[in-house]
Amino acid sequence: MKVVLHVWRQAGPSAAGSLVDYEANDISPEMSFLEMLDVVNERLIVRGEVPIAFDHDCREGICGSCGMMINGAAHGPMKLTTACQLHMRSFKDGDEIWIEPWRAKAFPVIKDLVVDRGAFDRIIQAGGFVSAPTGSAQDGNAIPIAKQAADEAMDAAACIGCGACVAACPNASASLFTAAKITHLGDLPQGQPERMRRALAMVHQMDIETFGSCTLFGECQEACPKGISIDTIARMNWDYLFAAATERQGAEVGGTG
Amino acid sequence: MTIKLDARIPAGPLAEKWDKHRFEMKLVNPANKRKYHVIVVGSGLAGASASASLSELGYRVSCFCFQDSPRRAHSIAAQGGINAAKNYQNDGDSVWRLFYDTVKGGDFRAREANVYRLAQVSVNIIDQCVAQGVPFAREYGGLLATRSFGGAQVSRSFYARGQTGQQLLLGAYQALEKEIVRGSVTMYERHEMLDVVIVDGRARGIITRDLVTGEVAAHVADSVVLGTGGYANVFYLSTNAKGCNVTATYRAYKKGAAFGNPCFTQIHPTCIPVAGEHQSKLTLMSESLRNDGRVWVPKKKEDCGKKPGEIAEQDRDYYLERKYPSFGNLSPRDIASRAAKEVCDEGRGVGPGGRGVYLDFADPIARLGEQTIRERYGNLFEMYQRITDEDPYKQPMRIYPAAHYAMGGLWVDYNLMSTIPGLHVVGEANFSDHGANRLGASALMQGLADGYFVLPATIGDYLATAKPDTLTADHPAFREALDGVQARTARLLAVGGKRSADSFHKELGHIMWEKCGMARNAAGLRQALEAIPKLREEFWRDIAIPGTGAELNQSLEKAGRVADFLEFAELVCTDALHREESCGGHFREEHQTADGEAKRDDANFAYVAAWEYAGDGRAPVLNKEPLEFENIHLSTRSYK
Amino acid sequence: MERSGLRRFWDSSVGKKIVMGATGLILVAFVIGHMAGNLQFFSGPARFNAYSHLLQVDVIELTWLLRVTLLASVVLHVIAAYQLTMQNRAARPADYVRREPQVSTYAARTMRWGGVYLLLFIPYHLLHFTTGTLHPAFVRGEAYGNVVIGFQTMWVALFYLGAMAFLALHLYHGAWAAFRTLGIARPSNDPLHRRLALAIAVIVPAGFSLLPLSVMLGFIR
């Protein structure tokens, strides 16, 4: 099959970008979307042209490296699927495909489809952890955790940090990413001691990073390749409200950047 | 230059070695720890856990990864589980049994003392991860659940759905981020290590390239830790991430670190078969599927074209159950892979190209119900369906072996230090504890054992001997290494040829898979050793790298990695050719029993082959570390 | 909560969201009550004027308390909405060439326009029927007559009906979002929230619209 691509090309962080058209011929439906881009790039390299830069690594939908807007949808038309796991059988012969990078002030473009998602790491730094230094742990079975709690924590912990939630959100909000981590750790007994501090600090950092706010469009949940629910956002809001109401005077709220 | 291999295994009874050693090692005064700077390259399970733990101890740490975030290291893709000798199931497990299973699973090519220590700390790993909030699967009573994995008859693998590696890595990553914000770890994302710097015989720093700006820079430290993963991508098609490479460990090898057992590569039996020539990677289906799934091919070649449902029960060959009745579908990886290759070589393979076998869930679905199977493997089934467009609830999966893991790696002593003083190697990057074959759910265990518990204890013993000094990157050794890296980059860019790095990588992978894959023979390895240098010459004549070195240039990154694979592949084949025996993942066709099982040669090959770089164009020098088995009787490995 | 804490709460996007949700629910409760009261219009002039008298004279202190609460809610709601909108615009300075909304509702996407329309509508409505300033023939105490005359002007009635259309959309997303923002129960009782929001979004504007419609269509003269 053959498809026509309109790909965002941008030479560097401060360069102006534009959509450039490419024809991808001899594409087979078994190819993954990224393999289709490999084929396009292979031809560009042989012609001495600079290939399309895009982040990718595991190509099995778990590392969260890849991510692009495909025909206006984060990771493309298939639900619960990253770009690397999208296959060309989702398209028809002759289709036109628009490919753009994630767009958010907090995710500046580095080159072509590659963006800087360091803001996510800084949100985790603000409080997305349990302070349990190596060696300090008691036996793993010392605290029983109800199966349901463990399962719900796992639902939220499945986040791969790809940034599709931000990309798909009309407000470029990172609420789903932040809320998923707050929910994961907040669901478990190990996460309780830092739960309030975590909610305050992570929400604070999310704002510092210039993400937008949540207006519950629901686009993030739809775009999330791991199916994380916006229920986590309600959870974040409650934790935040409770934390703000019980915050002690002068309590330190973290935040970097 | 000859290397003296001293494994520095502590004396005394096996079970007491680690404790005794920890007492005997020198300690660094807590107030002095912050005077030491440790560089950790790689942010996977081993690298991230080491960085976080060293920082918690008080050392200053710089951590480097080539990904855009440390959370993306390829440990994240591990699906099935992590072993620990907890014996929560009361099914007869113990530290000793995990030790024994691992040594036997590795076909008696691992160090007893290291493996025993691994089994000992395995229990602490689970505790540590639980404390970090890793959401391991739980039973209704709230206690940790386990499942079985290949090569073991006890249930000792802890898991978080099919995303165990992800959850463990996120635990280590979060611990790392906690230390970053505390200011004691400096994180360098999108940085690739291109050389290690040796000053006065000690590893004192690295040269990196900033992948965004192209800037090549020197970093000085008191010790360097490599946690840069394995080299299965030497086969091009593998289950590794696209970015996985041998560059860091190979550069260290060229600077004098011995490379241990490079021919010990693991071919994983349950991967989705190759679909077409543009395939860029292979996807693993967790080995845990073999807990319930049954592997079979048609008994008769003529049936291969039929739909699986049309093949009657008596015409199916459940070959693993037939050949290995006591372990059956849970036979270890090397054995299951080779058995699959065998039936496909007989012409009984299924699917396109006849390179596939069925992994059938019809029985367990009938027995346990679709819902139970969905709960156990739902995400794996979905992944399979997404890739193949076939519904594994309705028809059997097709699977085929694929390159997956490197048991070989840089040689290290009991303290995880390479033959270069101050250069430590952790996780898959070292030659480590798995011998000639790694058991399922043991890679996560080893990566975290090294990073959380072993290295943080042993590195102090080295640092206590290395007084902090005022070395800077102006030292001639740093200038020289920096210039070398820049010159190599310039040389790559100057070729201006016509072929992409990927095309060379594919060609190399084809050679390696055909001649040095699941089964090897002397003639094939010699052919490979002729073909690889030719391909390498062509690479340096015809590589095409558009763009410049002063920007994000993924073609340049790839070319540098492929250039190293093109040299390293020769080392793998050289090692494979020299090892005139079959053991674990290394199967030499000349050395097999009448019924096709591996024939080990303990009299002549019970050693670690530690290869020493002797200069470009010169054959590497073989050093041998004899393996002594004082606690386990060397036996023929049998899973029948 | 001491002052700097309150300030931090307001300064955070989540804090503002919570303020919007809470004030939104106050306003939802108000429009439900207001609509129910309005329906007495159909019981005839005597009943309706008595109801008006009750609010304007008998319990005027309560009415003022209500007015202050509502005013504060509207002010907070609007300022938070404005500031969040600005934050959200800034969060994506360069927009996509192509973006296809996958699931967001029309109601969700028109919240801001609807909000602006309602913001223009509220002062007009107050000057129209409460103070009478913009009413052609306002008679204090004659609420029934004021409504009938007020809606006999076609464009006024249409302006009111337009406001009700936006109110419907605003309530549909807003009521749901407020439940969600403030809701904590998991697993999700999303369908319940959706149904409740839908019921409010249909019944309230429909109830309000009966008045202008009945006048416009000549059922009540």
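How many residues of domain 1 of chain B are in contact with how many residues of domain 2 of chain B?

Guide: This is a predicted model, and the count you ask for is 22 residues of domain 1 of chain B in contact with 26 residues of domain 2 of chain B. By class, the domain 1 side of that boundary has six nonpolar, 13 polar and three charged residues. The division itself runs as follows: domain 1 of chain B is made of the segments 14–28, 36–265 and 405–463, while domain 2 of chain B covers 268–404. Taken over C-alpha atoms, the centres of domain 1 and domain 2 of chain B are separated by 31 Å.

Now the chain contacts. Two pairs of chains are in contact, and of these, chains A and B share the most contacts. In that pair, 69 residues of chain A are in contact with 65 residues of chain B. On the chain A side, the elements that give two or more residues are α1 (33–46), β6 (109–111), α2 (118–127), α3 (147–157) and α5 (175–186). Among them, α1(A) gives the most, with seven residues. By class, the side of chain A that touches chain B has 30 nonpolar, 24 polar and 15 charged residues.

Chain A also touches chain C: 43 residues of chain A are in contact with 38 residues of chain C. Here the elements of chain A that give two or more residues are β5 (96–100), α6 (195–208), α7 (219–223) and α8 (231–246). The largest share of this side, 10 residues, comes from α8(A). By class, the side of chain A that touches chain C has 21 nonpolar, 12 polar and 10 charged residues.

Chain B and chain C, by contrast, do not touch, and their nearest C-alpha atoms are 18 Å apart.

Chain C has nine helices and zero strands. Its C-alpha trace spans about 55 × 45 × 35 Å along the principal axes. Of the 221 residues in chain C, 32% are buried. Among contacts in chain C with a separation of 6 or more, 74% are between residues 24 or more positions apart.

To return to the part you asked about, the boundary in chain B joins 22 residues of domain 1 to 26 residues of domain 2, with 13 polar residues on the domain 1 side.

Terms used
Residues numbered from 1 in each chain as written. Chains lettered and ligands numbered in written order. Predicted model: local features only at pLDDT ≥ 70, side-chain atom pairs only at ≥ 80, totals over all residues. Contact = placed C-beta atoms within 7 Å. Helix = DSSP H or I, 4+ residues; strand = E, 2+ residues; numbered from the N terminus. Nonpolar A, V, L, I, M, F, W, Y, C, P; charged D, E, K, R; others polar. Buried ≥ 20, exposed ≤ 12 C-beta atoms within 10 Å, placed from the backbone. Domains from an automatic or database assignment.
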